[in-house]
Amino acid sequence: ALHGKYGEDGAIQNVLEMLGIPYTGSGPLASALTMDKVISKRLFVQSDLPTAPFSIYRQEEEMEMIVADILERFALPVVIKAANQGSTIGVSVIHEASEVACAVQEAFKYDPWIVVEEYLFGDEFTASVLNGEALPVIQIVPHSGVYDYASKYTAGATDYLVPAPIDDRLKDQLQELARQTYRLMNCEGVARVDFMTDDKGNPFILEVNTVPGMTVTSLVPKAANAVGMDFLELCEAILSTAGCKKL
């Protein structure tokens with residue numbers, strides 16, 4: 001149930017491993033890898049898993065050089081995000097060249113590394129994996145047009161279509177990519193893989209969440225409910241994976 005820094009980045013998982021206290025979900029290494037968008041992106045590319053074209057920048061680099069490189073490599077709009085954050089904190093979608101520097105500075109407030117991604121003009125989906133099995137795909141339709149912090153945590157701000165109204169080909173593709181990503185990152189228990197499609201309907205992996213939300217507006221309970229698993233059954237399924245000596 002812990003989110004953000006120290007809760008889902010492997011820190012508390014390492015403490016629990018050292019103390020020998022059983023815990024749910026992924027282990028220290030899997031948690032750290034999935035929280036770090038720089039490492040995640042590199043692993044996706046190395047494993048031939050589709051992810052949006054991206055570039056990585058360090059805070060030590062000169063701001064003018066970073067901005068110039070972003071504008072040279074990417075067409076606007078572009079997505080700028082802190083490398084180690086959750087809940088869309090430190091993420092900006094930039095439509096004007098004049099906004100790039102401010103967005104970069106904002107992202108660097110949260111991490112010394114940032115990831116800049118090509119903006120994908122498609123739909124947003126998420127596929128949860130519970131104990132290695134993919135749950136139904138959910139389509140995310142934020143009323144604001146951007147699935148930001150407010151859209152995630154404000155009741156009624158976003159429509160969640162489950163099962164997603166998509167053809168079987170895309171559904172199977174998203175679920176298989178979710179399973180492959182889950183295995184690649186050594187996830188355990190429940191994890192959620194987020195996707196965007198491009199304007200041709202091709203899916204791309206955004207990131208992996210090893211401690212998905214469990215609130216009334218959260219996605220994993222919605223996906224579990226779609227296969228007849230109520231909240232208590234879901235919690236029991238997650239608790240069944242509690243243990244130590246995890247990667």
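Predicted model: local features only at pLDDT ≥ 70, side-chain atom pairs only at ≥ 80, totals over all residues.
**Exercise 1. The pairing of β1**

Task: State how many bridges join β1 to β4, and name the residue of β4 that partners Y57.

Solution. 
- β4 spans residues 113-118.
- Five bridges join β4 to β1, and the two strands run antiparallel.
- Y57 has I114 as its bridge partner in β4.

**Exercise 2. A lysine in a strand**

Task: Decide whether K81 is buried or exposed, and list its contacts beyond the sequence neighbourhood.

Solution. 
- K81 is found in strand β2.
- Apply the cut-off. K81 has 6% relative accessibility, and buried means under 20%, so K81 counts as buried.
- Collect the contacts. Leaving aside neighbours within four places in sequence, K81 is in contact with K37, G90, V91, A107, I114, V115, E117 and E207.
- K81 and L177 are 96 residues apart in sequence, and their C-alpha atoms are 23 Å apart.

**Exercise 3. Strand β5 and its partners**

Task: Determine how many residues of β5 are buried, then trace the pairing of β5 with β9, β7 and β6.

Solution. 
- Count first. Seven of the seven residues of β5 are buried.
- E124, T126, S128 and L130 lie on one side. F125, A127 and V129 lie on the other.
- Pair with β9. The two strands are antiparallel over seven bridges, and T126 stands opposite D194.
- Pair with β7 (residues 138-142). Here there are three bridges, again antiparallel. F125 stands opposite Q139.
- Pair with β6 (residues 133-134). Two bridges join these antiparallel strands, and L130 has E133 as its bridge partner.
- Inspect the turn. The hairpin of β5 and β6 has two residues between the strands, and N131 takes a positive phi near 50°.

**Exercise 4. Nonpolar cores**

Task: Identify the residues that touch the most other members of the largest nonpolar core, and the element that gives the most to this core.

Solution. 
- The largest core holds 21 residues.
- F125, M185, F195 and V208 touch the most other members.
- α3 (37-46), β5 (124-130), α7 (168-184), β9 (190-197) and β10 (203-209) give two or more residues each.
- α7 gives the most, with five residues.
- A second, separate core has 15 residues, including F74, A103, A107 and I114.
- Return to F125. Beyond four places in sequence, its contacts include V137, I140, L170, L174 and V193.

**Exercise 5. The second largest pocket**

Task: Give the volume of the second largest pocket, and say which residues lie nearest its centre.

Solution. 
- The volume is about 430 Å³.
- The lining has 21 residues, of which A1, L2, T24, V211 and I238 lie nearest the centre.
- α1 (11-19) and α9 (231-239) are the elements that give two or more residues to this lining.

Terms used. Residues numbered from 1 in each chain as written. Heavy atoms only, no water. Core = buried A, V, L, I, M, F, W, Y, C linked by side-chain atoms within 4.5 Å. Buried < 20%, exposed > 50% of the residue type's maximum accessible area, 1.4 Å probe, protein only. Helix = DSSP H or I, 4+ residues; strand = E, 2+ residues; numbered from the N terminus. Contact = heavy atoms within 4.5 Å. Pairing = 2+ DSSP bridges. 1 Å grid on protein atoms, 1.4 Å probe; cavity = no way out; pocket = protein on both sides within 12 Å on 5 of 7 lines; lining within 4 Å. Points joined across faces, edges and corners; volume = space filled by probe spheres on them.
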